[in-house]
Amino acid sequence: MTAVSKLVWALAAVVVAGAWAPVHAQAQPQRAGSGVCREAGEAGAATASLPNVAKALRERKKIVVLALGTTPLGLREQEKGIYSLVETFLEGAFKGLDVEIVDRGVSGELVRDASQRIRNEVALVNPDVVFWQVGVADGIAMTPVNELKSELADTVAWLKAHHVDVVIIGMRYVRSLAGNAHYRNIRRAIRDVQRQAGIPRIGHYEAVEALDRIKDGSAVPRSEAALTEAGAECAANIISRALAAKLFVKPAQKIWLPGMPRSEEVRPPQPGPSAPAQASPSSGAAPGTAKP
Amino acid sequence: VLMVVVAPIVAIMHRSVPEWVLPVSFAIYITSVCLGINVKTWPTHGQWFFNPLCWQLIFVLGFTMSREYGPARWVRNNVRTLRIVAVPLLIVIFCMGWFNLWWDPTKLPEPRLLFLLGKTFVTPIRLIQFLALILVMSMAFPYIVRYVPGLVAFFSALGRNSLPVFCVGSLLSLAGQIVRSALGTGFILDTFLVGSGVLMLWVVAWLAEWRSRTGAKA
């Protein structure tokens, strides 16, 4: 390619990007912080794997997800709740993949009450992986930390023994509880269990906390409700990316999501389920929306 | 609320074909349990925590057992035998729960809901446990009334006014959580919160009955 043609292509790219960016920003202003969301979401998820999900994918090309705990929904368009976004993203991004998400979340459920119910739900749903948002109700209800740790570790061990992967979706960030010592202790206890069990954790708290911290005006949700809303979308992003990364992406590969820095180059998608197309769960974009 | 809406249908059915009320209710229950049918939630994508297709049986059982005929007569005639069965059954179920001796739910045969201990579908084990508890309580109640009549009067007042007691109880529970969050936890504070909460519930029940009494006199 000559220098002139390179320049023409570069100019064209700048014009297209310039025309697209304001429209996109106007349509989805809350995603401006998703770079922060992405980075925070990496917490704890880097080293753990999902062997049973990978096996299900190899053998059946279908993943059954059991979603439990406080339902992390916050989107105004409830019909496109975060699990629907995750499902849409994964099915759109990986050709032939069937993702079934069974939502059995109960608001306000304590870990000790959930333990038996999880066993029953696993028997009924037969999932490959459990998404468990845990600790929110316990944090508010002042459940003793040791009791929570013991119940959580016991349930996670039971799930692993029954060939079910677990993804812990960490506690919610709530401004008014950010300084609460017990809430922090519960959070720490969940992290301890997650590390000891070697399971992935979605850093929902860290992500939303980071969103709350960046006071750059346009992207920061002002109210607690708006923050919850942004946090829900953020969680969808993180869950999708974490799952995709665990299942399909080799160490050198990275998945692009809106808000990611330019420096993070993305490899072109490969055909079949071995590599993801770069799509945003929150946009519900179809495969092929990858950056060139 | 749904049960209140359905109640007239049960009452009408009971007036026209009383012998069909319990069988129809049980058929709905067992179909729901065997096939795992539940009502979907909206706008969230879940299912009802208290499956109305199953929980209706509890209400219908209470309704039909309060009659003097049909299955209620059979229960009354055989209540001694039923109590003899209920006591050891309740002890066994209690011990299984206390010592966590439940079988692995993933190893159960299909349909698994028939053998699981679950609240959502009021699974058969839970239903049997509930009925056994009623039978044992009906046996113990005369002795409780004789020895602690004040306690019985207290709980009966709460039961008679269950709706306002439940509503105020929900608010008090929230208030208690806020207090615990602000002041921390501890034996003295928790005892005070529970004690004052129970006392306030009794005041609610007393007020509700006082209004009824004064209304009746007027």
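This is a predicted model: local features need pLDDT of at least 70, side-chain atom pairs count only at pLDDT 80 or more; totals for chains, interfaces and linings use all residues.

1. Leaving aside residues up to four places away in sequence, S32(B) touches I37(B), N51(B), L53(B), C54(B) and F121(B). You'll find S32(B) in helix α2 of chain B, which covers residues 18-35. Is S32(B) buried or exposed? Its relative accessibility is 1%, so it counts as buried, given that the cut-off for buried is under 20%.

2. What does the side chain of S32(B) do with its polar atoms? Two of the residues it touches come up again here. A polar atom of that side chain sits 2.7 Å from the backbone oxygen of I37(B). The side chain of S32(B) also makes a polar contact, at 3.1 Å, with the side chain of N51(B).

3. Next, have a look at R112(B), in the loop that runs between α5 (79-98) and α6 (124-147) of chain B. With 16% relative accessibility, R112(B) counts as buried too. Not counting residues up to four places away in sequence, R112(B) touches P105(B) and T106(B) in chain B, plus A123(A) and L124(A) in chain A.

4. The polar contacts of R112(B) go to both chains. A polar atom of its side chain lies 2.6 Å from the backbone oxygen of A123(A). The side chain of R112(B) also reaches the backbone oxygen of L108(B), at 3.0 Å.

5. Now for helix α5 of chain B itself. Its 20 residues should span 28 Å at 1.5 Å a residue, and the end C-alpha atoms are 27 Å apart, so the two figures agree. Which residues of α5(B) are buried? They are A86(B), L90(B), I93(B) and M96(B), and the buried residues of α5(B) pack against α6 of chain B. As a reminder, an α-helix has 3.6 residues a turn, so residues three or four places apart point the same way.

6. F94(B) is also in α5 of chain B, but this one counts as exposed, because its relative accessibility is 54% and the cut-off for exposed is over 50%. F94(B) and V17(B) are 77 residues apart along the chain, and their C-alpha atoms are separated by 38 Å. Just after α5(B), N100(B) takes a positive phi of about 55°.

7. Helix α8 of chain B (residues 162-183) can be checked in the same way. The buried residues of α8(B) are V165(B), G176(B) and R180(B). They cover an arc of only 40° around the axis, which means that they sit on the same side of α8(B).

8. What about the face of α8(B) turned away from that buried side? It carries the exposed residues L163(B), L171(B), L174(B), I178(B) and A182(B). Just after α8(B), G184(B) takes a positive phi of about 85°.

9. Over to chain A, which has ten helices and five strands. Buried residues make up 53% of its 292 residues. Of the contacts in chain A with a separation of 6 or more, 77% are between residues 24 or more positions apart. The accessible surface of chain A comes to about 13,100 Å², and 56% of that belongs to carbon and sulfur atoms.

10. In chain A, five strands form an open sheet with parallel pairing, in the order β2-β1-β3-β4-β5. β2 (98-103) and β5 (201-202) of chain A stand at the edges with a single partner strand each, so one side of each has no neighbour in the sheet.

11. Finally, β3(A), residues 129-133, is joined to β4 (residues 165-169) of chain A by five bridges, running parallel. Strand β1 (residues 62-69) of chain A also pairs with β3(A) in the parallel sense, over five bridges. F131(A) has A67(A) opposite it and V167(A) as its bridge partner in β4(A), while V130(A) stands opposite V166(A).

12. How many of the five residues of β3(A) are buried? Five of five, and both faces are covered: V129(A), F131(A) and Q133(A) are on one side, V130(A) and W132(A) on the other. For background, in a regular strand the side chains alternate between the two faces of the sheet.

Conventions:
Residues are numbered from 1 along each chain as its sequence is written. Chains are lettered from A and ligands numbered from 1 in the order in which they are written. Side-chain values use heavy atoms; hydrogens and water are left out. Buried means under 20% relative accessible area, exposed over 50%, partly exposed in between (1.4 Å probe, protein chains only). Helices (H or I, at least four residues) and strands (E, at least two) are DSSP runs, numbered from the N terminus. The arc is that of the directions from the helix axis to the C-beta atoms. Contact means heavy atoms within 4.5 Å. Accessible areas come from the Shrake-Rupley method with a 1.4 Å probe; for residues, only the protein chains shown count as cover. A polar contact is a pair of N or O atoms within 3.5 Å; within protein, one must be able to donate a hydrogen and the other to accept it, and residues adjacent in sequence count only if both atoms are side-chain atoms. Two strands pair if DSSP finds at least two bridges between them. The expected span of a helix is 1.5 Å times one less than its number of residues.
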